[in-house]
Amino acid sequence: MAENKIPYKIYLSENEIPKQWYNLRADMKNKPAPLLNPGTGQPLTAEEMGGIFCAELVQQELDDTTPYIDIPQEIQDFYKMYRPSPMIRAYCLEKALGTPAKIYYKFEGNNTSGSHKLNSAIAQAYYAKKQGLKGVTTETGAGQWGTALSMACAYLGLDCKVYMVKVSYEQKPFRREVMRTYGAEVTPSPSMSTEVGKKILAEHPDTTGSLGCAISEAVEVAVTNPGYRYVLGSVLNQVLLHQSVIGLEAKAALDKYGVKPDVIIGCAGGGSNLGGLIAPFMGEKLRGENDYRIIAVEPASCPSFTRGKFAYDFCDTGMICPLAKMYTLGSSFIPSPNHAGGLRFHGMSTTLSQLYHDGLMEATAVGQTSVFEAAEQFARVEGILPAPESSHAIRVAIDEALKCKETGEEKTILFGLTGTGYFDMVAYEQYNDGTMTDRIPTDEELAASIAALPKVPGQD
């Protein structure tokens with residue numbers, strides 16, 4: 001189809017919303033390593049996981065062989081409130097850059113939660129309700145996951161307890177109030193309401209918190225309160241499974257116009273957005289059907305892929321969660337209080353970590369001020385104010401498009417715009433006032449936290 005026939009927005013019909021999630025692990029030759037029981041060092045069993053997670057979510061977490069898993073009708077019906085999300089051709093950005101590259105982005109911010117997180121929040125809340133639970137607990141960084149989960153819980157009549165990273169709790173008060181509007185109880189983490197929170201504060205009284213801290217508190221509350229389970233917004237296999245709707249829709253939209261991306265770019269914190277976006281494309285790559293260049297973009301202040309170690313580590317700072325083999329900076333690492341709250345996790349998805357370790361994708365780290373420079377440029381020409389997390393992908397998409405300008409190559413670039421930044425105005429204010437700084441951890445700081453990794457047989 002002629003290029004001028006491709007519209008600014010490519011919409012799928014309601015009937016084209018995926019009816020199955022795609023399980024990328026089914027096509028991986030090297031499967032992600034299993035979660036380990038920190039006490040025994042043995043792979044975590046379904047029974048052991050059932051004390052933390054909902055029963056059906058445990059099955060999804062452990063399933064490495066089923067390529068497609070049916071989406072329950074109730075979840076499909078909920079998706080129809082905001083899906084399919086649009087695929088947008090960034091004509092204005094292309095013109096502003098003067099690049100021959102063709103740039104597309106999948107926009108996931110067209111719902112009240114403001115991000116892609118709702119795709120998994122409704123699924124996890126649904127399985128909790130189906131199990132007859134009273135409520136769920138969770139952590140949130142920038143607040144997008146907490147907002148999404150509070151929405152899903154309100155819809156299904158579940159109680160929702162959210163531990164929000166302290167610096168984000170203070171930086172993003174309006175995101176916090178959206179959660180409370182939907183009925184969630186929101187606590188800044190680390191807090192004095194849990195034993196692990198008290199311990200962390202005793203050791204680090206001035207800490208601004210981290211996702212690792214908040215996870216520890218949320219898990220403690222879940223396992224000590226009958227009728228509750230813990231749910232996580234990223235990292236886990238089950239979350240990447242639910243988020244595959246992003247990539248499935250993206251590929252279907254591009255296929256309508258015969259468009260094949262050369263480069264696929266996503267921001268990477270724990271891996272939910274990136275894993276969801278690349279899922280069907282990576283599946284084709286694994287099966288030898290197509291090849292794509294896939295780039296994970298992380299903050300230079302929390303560079304799990306680019307400066308971390310591929311090893312077993314705790315998923316939480318309090319060291320009460322299972323061990324996961326992932327690219328990690330060490331569970332004791334507390335990132336600087338920058339504005340990419342949703343990307344400030346010390347580790348990375350086990351699935352994405354294995355793919356990266358096998359050389360199937362690339363990773364790059366970018367500084368905060370350059371990210372906001374790209375965010376502002378994007379906002380001015382494309383009309384959407386992007387979230388700080390999403391802006392990491394925008395930064396590298398712009399860089400790749402400018403490389404095409406230099407070489408004359410007409411590459412097709414696809415990136416994920418995970419959400420909007422309308423609750424992140426403190427960050428934009430600092431950028432516009434010229435007070436924003438870049439904080440990059442030293443080699444010595446990272447070496448110290450990595451040196452504290454747990455001792456696991458066979459791990460260097």
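This is a predicted model: local features need pLDDT of at least 70, side-chain atom pairs count only at pLDDT 80 or more; totals for chains, interfaces and linings use all residues.
Helix α15 spans residues 368–382, and helix α17 spans residues 425–433. The two helices pack at an angle of about 100°. They are therefore roughly perpendicular to each other. Their axes lie 10 Å apart. On the α15 side, the contact involves Thr-369, Phe-372, Glu-373, Ala-375 and Glu-376. These residues meet Ala-427, Tyr-428, Tyr-431 and Asn-432 of α17.

Helix α14 covers residues 350–357 and is mostly covered. Of its 8 residues, 6 are buried. They are Thr-350, Thr-351, Leu-352, Ser-353, Gln-354 and Leu-355. The buried residues pack against three helices, α11 (237–256), α12 (272–287) and α13 (304–307). They also pack against the strands β12 (309–314) and β13 (323–328). At the start of α14, a side-chain oxygen of Ser-349 comes to within 3.1 Å of the backbone nitrogen of Thr-351. Gly-359 follows the helix, and its phi is positive, near 75°.

Glu-139 belongs to strand β6, which runs over residues 135–140. Glu-139 is buried, yet it has no salt bridge. The nearest side chain of opposite charge is that of Lys-117, 7.1 Å away. A polar contact does link the side chains of Glu-139 and Tyr-230, at 2.6 Å. Beyond its sequence neighbours up to four places away, Glu-139 touches several residues, including Trp-145, Tyr-163, Leu-211 and Ala-214. Among the others are Ile-215, Ala-218, Val-231, Leu-232 and Gly-233.

Terms used: Residues are numbered from 1 along each chain as its sequence is written. Side-chain values use heavy atoms; hydrogens and water are left out. Helices (H or I, at least four residues) and strands (E, at least two) are DSSP runs, numbered from the N terminus. Buried means under 20% relative accessible area, exposed over 50%, partly exposed in between (1.4 Å probe, protein chains only). Lys and Arg count as positive and Asp and Glu as negative; His and the chain ends are not counted. A salt bridge is a side-chain nitrogen of Lys or Arg within 4 Å of a carboxyl oxygen of Asp or Glu. A polar contact is a pair of N or O atoms within 3.5 Å; within protein, one must be able to donate a hydrogen and the other to accept it, and residues adjacent in sequence count only if both atoms are side-chain atoms. Contact means heavy atoms within 4.5 Å. Axes are lines fitted to C-alpha atoms, for helices over the stretch in contact, and angles run from 0 to 180 degrees between N-to-C directions. Angles under 35 degrees count as roughly parallel, over 145 as roughly antiparallel, 65 to 115 as roughly perpendicular and the rest as oblique.
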